[in-house]
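User: I am new to reading protein models. Please walk me through the rings and the core.

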Amino acid sequence: MTSSNRIPVLGESLIDGPYAWKRLAASFALGTVGSIGFWGIVVILPSVQQEFSVDRADASIPYTLTMVGFAIGNVLFGRYVDRLGIVIPIIAAAIGMSVGHMGAAMAGNIWVFALLQGVFIGVGTAASFGPLIADVSHWFRRRRGVAVACCACGNYIGGVIWPLVVTSLTAEYGWRTSYFIIAIIIIVAMVPLALTLRRPPPKEIPVSAGATREASDRENLSLKAIDLSPGRLLVLLSVAGIGCCVAMSMPQVHIVAYSADLGFGAVRGAEMLSLMLAGGAVTRVVSGFLADYLGGIRTLLLGSVLQGIALVFYLPFDGLMSLYVISLMFGIAQGGIVPCYAIIVREYMSPHIAAERVGFLFMMTIVGMGFGGWSSGWIYDVTGSYSAAFVHGIAWNALNVGIIFLILLRTRSSGPFRAVSV
């Protein structure tokens, strides 16, 4: 694309430059710290169930409400990030998460605990995921896929670190004291990091006053052409996001409890979760490189197929070493899936409300995670084992694969994929 027909950008020299990579490093650190709200509840689930004397489905409700809050927060913060920048939402989220952890540590029953998890911790955690990823996408052009994937890795690196940390803290001090410690860590770490992101992102200068913004973007930004309206594409991606994450939630949410049920203990389950997420973190970076060359849709389809294959392996194998290996396989298979939705938004849709659209799609993926986490616990209570829950996840994954394949078929062929120019 020549410079004469591309939209000029304010702050163009900063795109892909040293500052962009420094900003990515700070965003990665924020994503890592902020993800504690996402992973802490998974680790303490058995302790909460025992203390409050509830069944597995009720013990999964705090996680489900955390995911509901996380889903809403991605859209809510996404709107504000598009208008105000990233700093104020991140600081507000850090305060909310800290308050939520302190309040949850003093909760007297499962319902108060679940409400605090959802309203304060879930919503707050969202600011360090979808909105942060959308903000990073504005600072890269040639390596946008890699940058988005690296930023999203913060969530998974947090998943490697926090389960082990929280398990150790809980064993030493109990889950309530652990939550107080986490509240302090969040404020001390996240607020200073947020202040390093004060520079506003580059903005496109409109080149045609007579053209609509969507038409101008499609003509000038090399957006990929597809035989679907933006609204229909968003709906299909939303359903696909729910499907892939219902499947994804089964091992991620229940692997600790599953390990304990098999007699291996919660510590071994936490190690499996960390191994799973470590594999996912590596795959997220690899998927970013693939997306820069193959496109987001093809990369998402590949990850979804591999995730389904990995889920199948959980059915016949339940030995200790088998679960370690399969958990690593599952992590490697699914690690690049969720960031692909942000890449797809930038490939097919206008960048002017990127954070809002990315936030909406991430909201739908988290709806899938929340529903999948609860439904897997309910299926366990009904059947007495996790086998049916794995089959349930495999079925949802098949739905996801079908939708992504349909979107790929409706994309108009225009030669080899080129990364979006803005």
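Analyst: Start with burial: a residue is buried under 20% relative accessible area, exposed over 50%, and partly exposed in between (1.4 Å probe, protein chains only). Phe113 has 0% relative accessibility, so Phe113 counts as buried. Trp175, at 5%, is buried too. This is a predicted model: local features need pLDDT of at least 70, side-chain atom pairs count only at pLDDT 80 or more, and totals for chains, interfaces and linings use all residues. Residues are numbered from 1 along each chain as its sequence is written, and side-chain values use heavy atoms, leaving out hydrogens and water.

User: How many aromatic pairs does the structure hold?

Analyst: Rings of Phe, Tyr and Trp (its six-membered ring) pair if their centres lie within 6.5 Å; planes under 30 degrees apart are stacked, over 60 edge-to-face, the rest tilted. The structure holds 18 aromatic pairs. In one of them, the centres of Phe113 and Trp175 are 5.2 Å apart and the planes are at 80°, so this pair is edge-to-face.

User: Which residues do ring pairs link into a cluster?

Analyst: The cluster joins Tyr258, Tyr314, Phe330, Tyr380, Tyr386 and Phe390.

User: Which residues have the most contacts inside the largest nonpolar core?

Analyst: A nonpolar core is a set of buried Ala, Val, Leu, Ile, Met, Phe, Trp, Tyr and Cys residues joined through side-chain atoms within 4.5 Å. The largest has 125 residues, and Phe113, Tyr179, Leu237, Tyr314 and Tyr341 have the most contacts inside it. Contact means heavy atoms within 4.5 Å. Leaving aside neighbours within four places in sequence, Tyr341 contacts residues including Leu237, Cys244 and Phe362.
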